Amino acid sequence: MTTISKAPPFTLYEYRASPFCVAVRVGLHECQVAFTPRDVDLTKPRTAAFLKRSPFGRLPALVEHRPSGELAVFESPAVLLFLAERFPQSPLGFSDLTARGEAYSWLSYVATGFAVELWTVYCEEHVLEDGERSPRSHQRARGEFDRHLDVLDRHLARRAFLAGDYSVADTLATPLLDLLDHLKVDLAAFPRVRSWRDRLRERPSYKDAWPGEDDEE
Ligand SMILES: N[C@@H](CCC(=O)N[C@@H](CS)C(=O)NCC(=O)O)C(=O)O
C-alpha cells in the first residue's frame, strides 16, 4: 500500500521567540493541529506574498490551505479566536455563550492591558539604552503593572484560569508570563498568579511549543 504524505493544512509564519508567535504555537498544540512553521527574517524586507497574508508585515500569521484557496489570519488574538471557532471540541472551544463572553473579555485584556503594561516595564529594564530610560516612566509602569498583578491575583483566588475554564486568554498569557522571569517582579507577593503560571506550564502544549529544546537550557 502506498502512503501519500500530505503537507499539513496550516502554515505558521513566525518569528520563533516572539511571545505572540509562541502563543499561537501553544494554541495549535492545544487543538492538536499539524502545521508547517515558516520562520520570517525580520531584518529583511517582507515579500509581496507575505504582505498579502499579513498586511503590516508582522508575525504571527496563520494560513489555512483550503481546496478553494488559502485563508490567512493575522494578529495573535484573532488567530487564537479563529482556532477556537475552527476546532470547537478542543480546549480552546467555547462551551456556551457565557464562556465565550468571558474569554473574549479576558483575551482583550491580555492583549491590550497585560501585554502593554508588561512590555513597557520590559523595555525600561531590558530594551532601552542608557539615556533612553526614564526612571519616572519606569516607576509609573512598575506601579501600574503591580496593580494589574494584584487584580489578577485576587481574580484567580476564585478560578483556575482567567475565564474559569482554560481559554484563549490563558493561551495568549502563557508566553507573556514567561517574560516575568526577566523582570524584577517578586511573584511570592502574587501567589495565585504564580500557581496559574505553573498550571499553564504543566500543560503538554507548553512543552510542545518548543520542539527540540531541552528543559534545562
Ligand atoms: N499585536 C500583534 C503583535 C505582533 C508583533 O508585534 N510581532 C512582532 C514580533 S514580536 C513583529 O512582527 N515585528 C516586526 C514588525 O513589526 O515589523 C499580535 O498580537 O500578533
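A residue is called buried if 20 or more other C-beta atoms lie within 10 Å of its own, exposed if 12 or fewer do, and partly exposed in between, with the C-beta atoms placed from the backbone. The structure is a predicted model, in which local features need pLDDT of at least 70 and side-chain atom pairs count only at pLDDT 80 or more, while totals for chains, interfaces and linings use all residues. Residues are numbered from 1 along each chain as its sequence is written.

**View 1. Thr43 in the loop between β2 and α2**. Thr43 counts as exposed because it has 5 C-beta neighbours inside 10 Å. Its loop joins β2 (35-39) to α2 (48-53), helices (H or I, at least four residues) and strands (E, at least two) being DSSP runs numbered from the N terminus. Glu30 is 13 residues away along the chain, and the C-alpha atoms of Thr43 and Glu30 are separated by 31 Å.

**View 2. The bend in helix α4**. Helix α4, which covers residues 97-127, bends by about 40 degrees at Val110, where the bend is the angle between axes fitted to the seven residues ending there and the seven starting there. Val110 is also one of the buried residues of α4, which include Trp106, Leu107 and Phe114. Among the elements covering the buried residues of α4 are α3 (76-86), α5 (135-155) and α6 (168-179), with contact meaning that two C-beta atoms, placed from the backbone, lie within 7 Å.
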